[in-house]
Amino acid sequence: TLRVLTGITTTGTPHLGNYVGAIRPAIRASRAAGTDSFYFLADYHALIKTDDPQRIQRSTLEIAATWLAGGLDAERVTFYRQSDIPEIPELTWFLTCVTGKGILNRAHAYKAAMDRNAAAGAEPDNDVTAGLFMYPVLMGADILMFNAHKVPVGRDQVQHIEMARDMAQRFNHAYGEHFVLPEAAVEEDVALLPGLDGRKMSKSYDNTIPLFAPREQMRKLIAGIVTDSRGPGEPKDTEGSALFQIYQAFAEPAETADFRRAFEAGISWADAKQALFERIDREVGPMRATYQRYIDDPASVERVLLAGAQKARRTASPFIATLRHAVGLRPLG
Ligand code: TYM
């Protein structure tokens with residue numbers, strides 16, 4: 001069986017980028033015969049990004065509700081919260097001890113933080129925590145704990161999965177073949193969904209469209225997507241258009257082809273935005289009631305997560321025992 005695994009950091013409200021980049025492809029993958037899927041809420045990762053406990057709680061509920069509303073079948077998939085699996089921080093330590101510091105120096109998120117500080121004239125490591133530096137190792141442990149083959153993610157996470165592969169190789173080399181070498185699975189059309197300002201849609205750029213924004217707010221947000229100043233009747237470029245790219249992430253190929261023709265024929269930006277709103281609403285609308293039901297009943301979400309944790313630990317707990325033997329913390333054989 002093919003093992004598929006992915007996680008989302010619990011720091012914010014799920015947005016269109018999380019949905020098309022990770023949640024939707026992961027749910028589709030989980031329905032294929034012969035796949036065993038592990039999907040989780042990366043709440044230890046959240047501590048790297050925020051010290052606001054309420055924000056983490058709220059985000060955990062919203063992200064869990066999004067997976068469930070998106071059609072995740074918690075009976076079929078192993079759906080859990082990272083912090084319910086104590087084997088993960090233990091594996092993080094094992095991997096820490098086989099990971100070259102130089103590799104972590106090259107991680108994008110860490111480098112970006114250092115560069116930002118230096119550009120602002122501060123010490124490069126000014127506000128950089130050891131948590132941010134170690135982020136890829138924790139993520140490696142998430143993936144290797146369940147020996148995932150495929151990791152569906154947006155393009156921004158590919159480097160982390162390559163690092164996990166490297167950790168697996170180094171561990172296997174030292175201690176024998178314990179880990180599968182994981183691979184990123186990136187859907188090229190949606191690998192990097194742009195946000196309102198045309199940059200990557202991201203909580204850190206404050207340019208997101210929440211997946212379950214109330215309809216009127218969703219319409220207003222979409223109206224605010226950057227465009228050029230071409231008027232009605234003037235042909236529009238699809239290349240580099242955030243509006244077009246978001247449409248494409250939701251539409252079937254035939255619809256996208258129609259939308260492209262409308263651009264060439266000079267559709268007004270107002271009409272293009274209305275078309276985008278309607279296309280997103282067609283997909284998201286039917287999920288709204290389920291989402292709200294879970295948001296209003298956090299106890300039901302908690303039950304799902306705890307059952308998922310039990311299931312996950314049935315794999316994690318014997319595996320960590322094997323690894324403890326392998327590294328010599330417990331007698332061999
Ligand atoms: P996070 O929480 O930033 O994002 C969750 C998922 O959403 C994808 N994504 C996007 N995809 C396309 N376009 C966008 N604009 C966009 N923005 C976000 C991300 O690529 C990701 O797939 N470190 C991870 C969480 C994590 C993880 C893991 C993932 C922790 N452990 C193990 C996979 C396997 C993160 O912060 O993702």
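This is a predicted model: local features need pLDDT of at least 70, side-chain atom pairs count only at pLDDT 80 or more; totals for chains, interfaces and linings use all residues.
**Close-up 1. Who lines the ligand, by residue class.** Altogether, 25 residues surround the ligand. If you want the closest ones, look for Thr9, Gly17, Gly21, Val153 and Gly154.

**Close-up 2. Where the ligand shell comes from.** Strand S1 (2-9) hands over five residues, the largest share of the shell.

Close-up 3. An unreviewed UniProt entry puts a short sequence motif, the 'HIGH' region, at residues 10-18. Within residues 10-18 of the model, 33% of the chain is helix and 0% is strand. From end to end, the C-alpha atoms of this stretch sit 12 Å apart.

**Close-up 4. Helix H4 against helix H14.** Two packed helices are described by the angle between their axes and the distance between the axes. Here, the axes of H4 (residues 87-96) and H14 (residues 298-327) come within 10 Å and cross at roughly 25°. That angle is under 35 degrees, so H4 and H14 count as roughly parallel to each other. Their crossing is left-handed.

**Close-up 5. The side chains behind the H4 and H14 contact.** On the H4 side, the contact is made by Glu87, Glu90, Leu91 and Phe94. H14 answers with Ala316, Ser317, Ile320, Leu323 and Val327. Sorted by class, the residues of this contact come out as six nonpolar, one polar and two charged.

Note on methods
Residues are numbered from 1 along each chain as its sequence is written. A residue is near a molecule or strand if its C-beta atom, placed from the backbone, lies within 6 Å of it. Helices (H or I, at least four residues) and strands (E, at least two) are DSSP runs, numbered from the N terminus. Axes are lines fitted to C-alpha atoms, for helices over the stretch in contact, and angles run from 0 to 180 degrees between N-to-C directions. Angles under 35 degrees count as roughly parallel, over 145 as roughly antiparallel, 65 to 115 as roughly perpendicular and the rest as oblique. A crossing is left-handed if the near helix is turned anticlockwise from the far one by less than a right angle, and right-handed if clockwise. Two residues are in contact if their C-beta atoms, placed from the backbone, lie within 7 Å. Ala, Val, Leu, Ile, Met, Phe, Trp, Tyr, Cys and Pro count as nonpolar, Asp, Glu, Lys and Arg as charged, and the others, Gly among them, as polar. UniProt positions are given in the numbering used here, feature names are shortened, and annotations may be inferred rather than shown by experiment.
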